[in-house]
Amino acid sequence: MDRIKLNDTLEMSRLVYGMWRIGDDTDTSIAHIQNKVSACLDQGITTMDQADIYGGYAAEEILGNALTPELRNQIEIVTKCDIVAPMGRYADVSVKYYDTSRAHIFASVEHSLRLMKIDHIDLLLIHRPDPLMDHNETGAALDEVVASGKARAVGVSNFRPYDWDLLQSGMKTKLVTNQIEMSLMCHTPFTNGDLAHLQRLGVPPMAWSPLGGGALFHSSNTGLREKLTKIGAAQGVDEAAVAVAWLLAHPASILPVLGTNNLDRIKQIGDAAKVEMDRQTWFALYTEALGHEVA
């Protein structure tokens, strides 16, 4: 499994295991969670993607209950903050909102450390752009989180280039990634400037929902599904591996975040790294995704 360097002290596995739905599984026992992590490690997948809000603010604790010192030392933990929704520990709020204030960031970090039973977060992301963000306050808070050792690195999620530039202008620490939605179902970042912005900065992006939340395989786009199946059959992998390999082929060093509760499917995540994807194959899939040939 390839590894991607985000800064001088942090590397992550090229494929990332996403824990968005970990609390939705019928089995959230310690043993089952450990089996999921071990299945990832067997493939060289060492990076686990979390967020405070996942599972109604419960997913971090589910992971934390399963972490032994040995497992913790083998993985990198990504988590996110700033979404406040009326559930879990915020059940009494009247409206869903974003909070990028210093107080909220620090409180969220402490919750994450406590729930996951860890002494530092490897990568902390601001989950959504906040229309009320004071970039100087938020930036200084993120700088302080890194300086304190509570996070090894910081980044953002779902930011547009102008959101990124605003926040970075209020920081000393370099933002190391932007986790955005990218897939054959959501390919606009390839042409709207989002990916180009990160590529120009030399910042590896993370891709959430790289299979379109599963919609890719239930899409009415039969041409795309048939093309994925044909390529996969020729290389001994399934359609999902080919769809993820389409992202891996891009020179921006995209890190796809793949989430599934099915242990057999987890064991196949690494297949994407085996797929050979030349330029013509990439464009054949892109053409099917667009629904027409490129101009």
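Residues are numbered from 1 along each chain as its sequence is written. In this predicted model, local features need pLDDT of at least 70, side-chain atom pairs count only at pLDDT 80 or more, totals for chains, interfaces and linings use all residues, and side-chain values use heavy atoms, with hydrogens and water left out.

**Exercise 1.** Find where Ala66 sits, and decide whether Ala66 is buried or exposed.

*Solution.* 
Step 1. Locate the residue. Ala66 belongs to helix H3, residues 59–66 (helices are DSSP runs of H or I, at least four residues, numbered from the N terminus).
Step 2. Check the accessible area. Ala66 has a relative accessible area of 3%, so Ala66 is buried (under 20%; exposed is over 50%, partly exposed in between, with a 1.4 Å probe and protein chains only).
Step 3. List its partners. Leaving aside neighbours within four places in sequence, Ala66 is in contact with Ile30, Ile33, Gln34 and Leu71 (heavy atoms within 4.5 Å).

**Exercise 2.** Work out how helices H1 and H3 are set against each other.

*Solution.* 
Step 1. Take the geometry. H1 spans residues 30–41, and its axis lies 8 Å from that of H3, at an angle of about 85° (axes are lines fitted to C-alpha atoms over the stretch in contact; angles run from 0 to 180 degrees between N-to-C directions).
Step 2. Classify the angle. H1 and H3 are therefore roughly perpendicular (65 to 115 degrees).
Step 3. Name the residues. H1 gives Ile30, Ile33, Gln34 and Val37; H3 gives Ile62, Leu63, Asn65 and Ala66.

Definitions and conventions. Helix = DSSP H or I, 4+ residues; strand = E, 2+ residues; numbered from the N terminus. Parallel < 35°, antiparallel > 145°, perpendicular 65-115°, else oblique.
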